[in-house]
Amino acid sequence: MADDEQVTQTGPKGVINDWRRFKLESMDVENLPQKKKELLRQMSSPNKPNDGRGGLNRKMSVQEYELIKEDMADEQCLKRYRKNCMQEMHERLSFGPRFEGVHELADGEAFLEVIEKEHRNTVVVVHIWKAGVAGCDMLNGCLDCLSLEYPTVKFCRISVEASGAGEKFSDEVLPALLVYKAGELLGNFLAITQNFNAEFFATDVEAFLNEYGLLPEKDAAMMDTEDADVE
């Protein structure tokens, strides 16, 4: 591929190449010490002496390693680099929109709309609940917490009365948790709290959903959230 040096890669070698590119684009070369100027010149050189390979697609030198250590000490620089990488990853994978909090669904029409019209890559988790039914309030609290940790997942709740499906969701099968993606039902968990202890937490619900592979990778989602305020 002729434009290899412009393609973001994965794996250790890809991370090194991405770091080199980031440094070349972000540093104010004119105000750097001569030693660092020379290092950046070598990094951007079309060829490395003796091996003929591209300057970006090669092993990391001792000098570059020292430069990385200096960046590690600069927390703001590290955060900017991490944010840059995560933004590129989101663009490549088309993770879709981000959400805040748990969305209240007013009626059955809103329920159908969120299932059918949401972004194809968005996981939609819907809690069907009823006031006074054991476990419903606790599950609502757990979803409030998870919505902060998984901003690419759309968490919703709707009361059984508002859903218009009271005949299908009796008190015995509540709370119910339904999981959709691209309009397809991936998980249908009735009386879900039977899988937990009498007192359960967001981590219990998270572990349960992860057993079925219904949540995205948390590390990526949280890293993007942590760096969201870095300019």
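**Entry 1: the acidic patch**

I started with Glu116, which I found in helix H5 (residues 108-117). I'm looking at a predicted model, so local features need pLDDT of at least 70 and side-chain atom pairs count only at pLDDT 80 or more, while totals for chains, interfaces and linings use all residues. Residues are numbered from 1 along each chain as its sequence is written, and side-chain values use heavy atoms, with hydrogens and water left out.

Is Glu116 buried or exposed? It counts as exposed because its relative accessibility is 58%. My cut-offs are under 20% relative accessible area for buried, over 50% for exposed and partly exposed in between, with a 1.4 Å probe and protein chains only. The areas come from the Shrake-Rupley method, again with a 1.4 Å probe, and only the protein chains shown count as cover.

Glu116 belongs to a negative surface patch together with Asp107, Glu109 and Glu113. A patch takes residues with over 30% relative accessible area and no salt bridge, and joins like charges within 9 Å (for nonpolar side chains, Val, Leu, Ile, Met, Phe, Trp and Tyr, it is within 5 Å). Asp and Glu count as negative, Lys and Arg as positive, and His and the chain ends are not counted. The charge is placed at CG of Asp, CD of Glu, NZ of Lys or CZ of Arg.

**Entry 2: overall layout**

I counted nine helices and five strands in the chain. From the N terminus, I read the order as α-α-α-α-β-α-β-α-β-α-β-β-α-α. Of the 231 residues, 39% are buried.

**Entry 3: the sheet**

Two strands count as paired if DSSP finds at least two bridges between them.

Going across, I noted that E1 (residues 103-104) pairs with E3 in the parallel sense over two bridges, with His103 opposite Cys156. E2 and E3 are also parallel, over six bridges. E2 (residues 123-129) runs antiparallel to E4, joined by six bridges. I liked Val125, which stands opposite Phe155 in E3 and opposite Val179 in E4. Val179 in turn has Gly187 of E5 as its bridge partner.

E3 (residues 154-159) is largely enclosed by the rest of the structure, because six of its six residues are buried. One side carries Lys154, Cys156 and Ile158, the other Phe155, Arg157 and Ser159. E4 is also largely enclosed, because five of its six residues are buried.

Glu104 and Arg157 make one of them, with the closest N and O atoms 2.6 Å apart. This pair links E1 and E3, 53 residues apart. Glu104 is exposed at 53%, whereas Arg157 is buried at 11%.

Arg157 also bridges to Asp144, at 3.3 Å. Asp144 sits in helix H6 (residues 136-149), so this contact ties together parts 13 residues apart in sequence. Shared partners join Glu104, Asp144 and Arg157 into one network.

Glu118 is in the loop between H5 and E2, 36 residues from Lys154. Both partners are buried.

Pro175 lies in the loop between helix H7 (160-163) and strand E4 (176-181).

E4 and E5 pair antiparallel over five bridges, with Lys181 opposite Glu184. Their hairpin has two residues between the strands, and Ala182 takes a positive phi near 55° there. Ala182 is exposed because its relative accessibility is 56%.

Where is Ala191? I found Ala191 in the loop between E5 and helix H8 (202-211). Ala191 also has a positive phi, about 45°, although it is not a glycine. Ala191 counts as buried because its relative accessibility is 8%.

Technical notes:
Helices (H or I, at least four residues) and strands (E, at least two) are DSSP runs, numbered from the N terminus. A salt bridge is a side-chain nitrogen of Lys or Arg within 4 Å of a carboxyl oxygen of Asp or Glu.
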